[in-house]
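The following note sets out points for a colleague who wishes to read the structure alongside its sequence.

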Amino acid sequence: IDFYGNDSNGTYQQCAGILAEADGTHSTSDKPTRLTLHTTEFGVTGAQERVRITSNGLIGINENNPGHYIDMNIGSTDVGIKMTSSGAGAYIQFADNATSGELSVGAEGSNLVAKVSGSERLRIDSSGNVGINRASPAQNLDVASTNNIAYALDGWALAGKGDSSDI
């Protein structure tokens, strides 16, 4: 499927396309096929491949030979994926089929947060303080526990009962 636009002279030129192609050798009972999407960048003539879905379901974004389920080539850009939430946070969630728990890593405001099965376990706040089982770390490393805990900071070993505010 080709898409055309016209230039200032009224000439129609291809500017985008969706293409289905053989993704291996076709036979009577085997038809591996890939799907590619093409767009034209500003200031460039001719549509270039931007997205590829291979016959085995791998997705390449600016990558025509994906080796993973999602494979992106972001070039010299520092940020490859940006997620913005209108709610309280934006998270990526991980889970495997062998366990019922899920791990979520994301941002709440300017804080980096890790949750396990929906419960916050780690936070790095905007000042660089790290909280383990603490939503508001007050020190460089702030650990909350109801069990015996051990702290190891730059080679110093501290032991205590309770949390880091007891030290």
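1. Accessible areas here come from the Shrake-Rupley method with a 1.4 Å probe. On that basis the chain exposes about 11900 Å², of which carbon and sulfur atoms supply 52%. The model is a predicted one. Of its 167 residues, 19% count as buried.

2. The secondary structure consists of strands: the chain has 13 strands and zero helices. Read from the N terminus, the elements run β-β-β-β-β-β-β-β-β-β-β-β-β. Among contacts in the chain with a separation of 6 or more, residues 24 or more positions apart account for 6%.

3. An open sheet is built from six strands in the order 1-2-3-4-5-6, and its pairing is mixed. Strand 1 (2–6) and strand 6 stand at the edges with a single partner strand each, so one side of each is left without a neighbour in the sheet. Direction ignored, neighbouring strands of this sheet are turned by 20° against each other on average.

4. Strand 4 (residues 48–53) and strand 5 pair in the antiparallel sense over three bridges. R52 stands opposite G60 in strand 5. The side chain of R52 also takes part in a salt bridge with E49, the closest N and O atoms being 2.8 Å apart. R52 counts as buried because its relative accessibility is 11%, under the 20% limit. E49, at 23% relative accessibility, counts as partly exposed.

5. How many salt bridges does a search of the whole structure find? The search finds eight salt bridges. One of them joins the side chains of R34 and D23, with an N to O distance of 3.0 Å. This pair links distant parts of the chain, 11 residues apart: R34 belongs to strand 3 (residues 33–39), and D23 to the loop between strand 2 (12–22) and strand 3. R34 is buried, with a relative accessible area of 18%, whereas D23 is partly exposed at 24% relative accessibility.

6. A further salt bridge is formed by D142 and R134, whose closest N and O atoms are 2.6 Å apart. Is D142 buried or exposed? With a relative accessible area of 3%, D142 is buried. R134 counts as partly exposed, at 22% relative accessibility.

7. Salt bridges also occur as a network. E108, K115, E120 and R123 are linked in this way.

8. Which strands each supply at least two residues of the patch? They are strand 7 (90–94), strand 8 (103–108), strand 9 (111–116) and strand 10 (119–124).

9. L112 is placed in strand 9. With a relative accessible area of 44%, L112 is partly exposed.

10. Most residues other than glycine have a negative phi. N62, although it is not a glycine, has a positive phi of about 55°. N62 lies in the loop between strand 5 (59–61) and strand 6 (70–72), and N62 is partly exposed, with a relative accessible area of 39%.

11. The second case is N133, a residue other than glycine whose phi is positive and near 60°. N133 is found in the loop between strand 11 (130–132) and strand 12 (141–153). With a relative accessible area of 38%, N133 is partly exposed.

Conventions:
Residues numbered from 1 in each chain as written. Predicted model: local features only at pLDDT ≥ 70, side-chain atom pairs only at ≥ 80, totals over all residues. Heavy atoms only, no water. Helix = DSSP H or I, 4+ residues; strand = E, 2+ residues; numbered from the N terminus. Buried < 20%, exposed > 50% of the residue type's maximum accessible area, 1.4 Å probe, protein only. Contact = heavy atoms within 4.5 Å. Salt bridge = Lys/Arg side-chain N within 4 Å of Asp/Glu carboxyl O. Pairing = 2+ DSSP bridges. Axes fitted to C-alpha atoms, helices over the stretch in contact; angles between N-to-C directions.
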